[in-house]
There are 2 protein chains.
Amino acid sequence: MAHAPSAALSRRHEAVRAEIAARGLDALVVTSLPNILYLTNFTGSAAIVVIDAERVSFLTDARYVTAIDDTRGTPHECPALDVVIVEGSYDARLAEFLRGSMRRIGFEAAHLTFARHHWLTKTLNGAVEPIATEHIVEDLRVVKDDYEIFTLREAARRLSRVAERVVATVRRGRSEREVALAIDTHIRQAGFTKCAFDTIVASGPHAALPHARPGERTITEGDLVVLDFGGVYDSYCVDLTRTVSVGKAAARVREVYEAVRQARNRAVEAVAPGRSRFEIDRAARESLASHGLDKAFGHGTGHGLGIEVHEDPRITWKRPDVDTRDEAVAAGMVFTIEPGAYIPGWGGVRIEDDVLVTDAGVEVLTDASTELMEL
Amino acid sequence: MAHAPSAALSRRHEAVRAEIAARGLDALVVTSLPNILYLTNFTGSAAIVVIDAERVSFLTDARYVTAIDDTRGTPHECPALDVVIVEGSYDARLAEFLRGSMRRIGFEAAHLTFARHHWLTKTLNGAVEPIATEHIVEDLRVVKDDYEIFTLREAARRLSRVAERVVATVRRGRSEREVALAIDTHIRQAGFTKCAFDTIVASGPHAALPHARPGERTITEGDLVVLDFGGVYDSYCVDLTRTVSVGKAAARVREVYEAVRQARNRAVEAVAPGRSRFEIDRAARESLASHGLDKAFGHGTGHGLGIEVHEDPRITWKRPDVDTRDEAVAAGMVFTIEPGAYIPGWGGVRIEDDVLVTDAGVEVLTDASTELMEL
């Protein structure tokens, strides 16, 4: 179970209820596990939540009943929670549960498959009117509350200390895979539940691939090595990248590194409440362009962090059909700033930090040095 | 990328094409990443495949083009692959791609959200007739081919060696978390890409919870400790559980352990081509019942292994609405046998091995000893 205080959960429930009422729904069926975690502190792998004006009905199977019972009377207890035990099919139990007094039921269109929707509609056979909704819970999650900021700040502090230790794991003659294992061990020893994603260790020419996987290549004198890793701390994800030079950096290496570092600084400086996320991306992109490196930066500048390692807001350029969500960032949002430059055959550089939008502007949550390290 | 030989990929394509033809479809849109891996060897995190009578059209973004190009001319190249580069939205590119000569297009109803289906249908506006399909690729995946059996056999052999090393990580005074980290390190050092799931280390009373998460509890004299871990080897998952006794096992511990071990043996002996998966489950359950432990075994006896760590066949009892899939197991299927006994407040035992159904009966792929270890 996660540890959001009951009062925070209550506020989240009330915000969902306001949205349910505004849409004329009797209840919302929540099938996204990250959304369920946000509303109830539940960290298991199977549940459905039905939230209505009064109750939070929690459908789960016997495996998880003890974990939920253990939170009763604690400061992290989910308010107004009714456990509904599922013995066979979750969807069959849901259909049975809904077939009561409720009529207009919202469901999460982005978190229910076509097959499940089809089965439920057929089975409910008009007893319930299912209404597609999107982003009801996600729109709350994008602005972090005090508990979440506290947790993400602590997670980022711990990950920054990991970053400092990680540098020593990069040694000539070690394979990328060995370095990745050493990094993952540091992450776990720092109190993270697990890694937030598969750690990237991309050395030499591999560093030109933003999503390289650690392989058998051996770290060699003169390599640039991109180290991109993250951890899940009390259910919240943080994410950090540093690029190190094995041996003294050549002039071109230093040039590209400093260009990326400047782009990272420009993007961080562009963060403020009300600022467009496209504008923050542009700050990084134009900074790289001034060094002739705009074409070397093919991905977005950042992504939101929270219960998921990639969530809103997306700090990117505006693409039709994709970036249709709200443009302005707001106080309480937490996201990465991670510009890079990738040069095929030569290598690459990425520097990534995690930032919080504050009323005053920005707080950089990760505080590991961004100076180029020469190992 | 995974390493299925091109000829195996061709056979998989032909099997899908036969099914497409039988259903009167012009093509199948594959959106499940495990299914895409099965058909193309692609291990990245974003792609859509459209397979028709002649081609395998592969929609992906610039991040993955190099990885695919690098397979050209290798023994693992995907036959008849046409890469279609996605620059913005995958679904927008898919809609544009489909709006050609094809009419009746199958989609994977269990792997497309209601929201995506709705958007695609609206956008295609009658230009294409989308037909819901289920299990076309999964029904192929359930029976492993020679390459997959070779890979799973090697993975299980390596995991068995890990199991032998893992016993030494369980020490009095160590926390469950520390033991879990040590196990995960052994898994990675044994050549697995990563763990197949979050490792379970459940000691003392925690062992009564089948899905316990490793916590701060310290391993103590007299504990039973359930160790459940798995690895991904060349994209295939294996999974193994052993329960060890810290110190000399009390009489009751030995009784329960031997009852679970006997249930594991009975279930393994029940495996044969054509045998009902419910019957295999019953073999374990009745064996436990003969020791008065049937109520202590609340979960199914096993699950299929392959590209996913939980896939068909499910070795369980027949539940309405859930277990509607084929009943008989067949040669080439690979699944776990993992009976357990969980006694609240006292602890628990689980023993898990991975088996292959052969023409002759059964081959146990994991070969670590099942004798009770007293540490």
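This passage describes how the two chains of a predicted model are arranged, how they meet, and what stands out within each of them. Residues are numbered from 1 along each chain as its sequence is written, and chains are lettered from A and ligands numbered from 1 in the order in which they are written. In this predicted model, local features need pLDDT of at least 70 and side-chain atom pairs count only at pLDDT 80 or more, while totals for chains, interfaces and linings use all residues; side-chain values use heavy atoms, with hydrogens and water left out.

We may begin with the relation between the copies. In general, two copies of a chain are related by a rotation about an axis and a shift along it.

Turning to the interface itself, 38 residues from chain A and 38 residues from chain B take part in the contact. About 2800 Å² is buried between chain A and chain B, and carbon and sulfur atoms give 58% of this area; buried area is the accessible area (1.4 Å probe) that two parts lose on being put together, summed over both. On the chain A side, F114(A), L181(A) and R188(A) lose the most area to chain B, together 23% of what that side buries.

Four salt bridges are counted between chain A and chain B, each defined as a side-chain nitrogen of Lys or Arg within 4 Å of a carboxyl oxygen of Asp or Glu. One of them joins K194(A) to D198(B), with the closest N and O atoms 2.9 Å apart. Between chain A and chain B, 17 residue pairs are in polar contact, both residues being at pLDDT 80 or more. A polar contact is a pair of N or O atoms within 3.5 Å; within protein, one must be able to donate a hydrogen and the other to accept it, and residues adjacent in sequence count only if both atoms are side-chain atoms. Helix 5 (114-124) and helix 8 (176-189) of chain A each supply at least two residues of the side of chain A that touches chain B, and helix 8 of chain A gives the most, with seven residues. Helices (H or I, at least four residues) and strands (E, at least two) are DSSP runs, numbered from the N terminus.

Within chain A, six strands form an open sheet of mixed pairing in the order 4-3-2-1-5-6, where two strands pair if DSSP finds at least two bridges between them. Strand 4 (81-86) and strand 6 (129-133) of chain A stand at the edges, each with a single partner strand, so one side of each is left without a neighbour in the sheet. Strand 5 (residues 104-108) of chain A runs parallel to strand 6 of chain A and is joined to that strand by five bridges; I105(A) has P130(A) as its bridge partner in strand 6. In chain B, six strands likewise form an open, mixed sheet in the order 4-3-2-1-5-6. There, strand 1 (residues 27-30) and strand 2 (residues 48-52) of chain B pair in the antiparallel sense over four bridges, and V29(B) has V50(B) as its bridge partner in strand 2.

Some backbone details deserve a look too. Most residues other than glycine have a negative phi, and most peptide bonds are trans. The peptide bond from D312(A) to P313(A) is cis, with omega near 0°, and P313(A) is found in strand 12 (residues 311-315) of chain A. The bond from D312(B) to P313(B) is cis as well. N41(A), although not a glycine, has a positive phi of about 75°; N41(A) lies in the loop between helix 2 (33-40) and strand 2 (48-52) of chain A.

Over all chains, the count comes to 70 salt bridges. Among them, R141(A) pairs with E308(A), the closest N and O atoms being 2.9 Å apart. E308(A) lies in the loop between strand 11 (302-304) and strand 12 of chain A and R141(A) in helix 6 (residues 136-141) of chain A, so the pair ties together parts that are 167 residues apart in sequence.

Methods:
Contact = heavy atoms within 4.5 Å.
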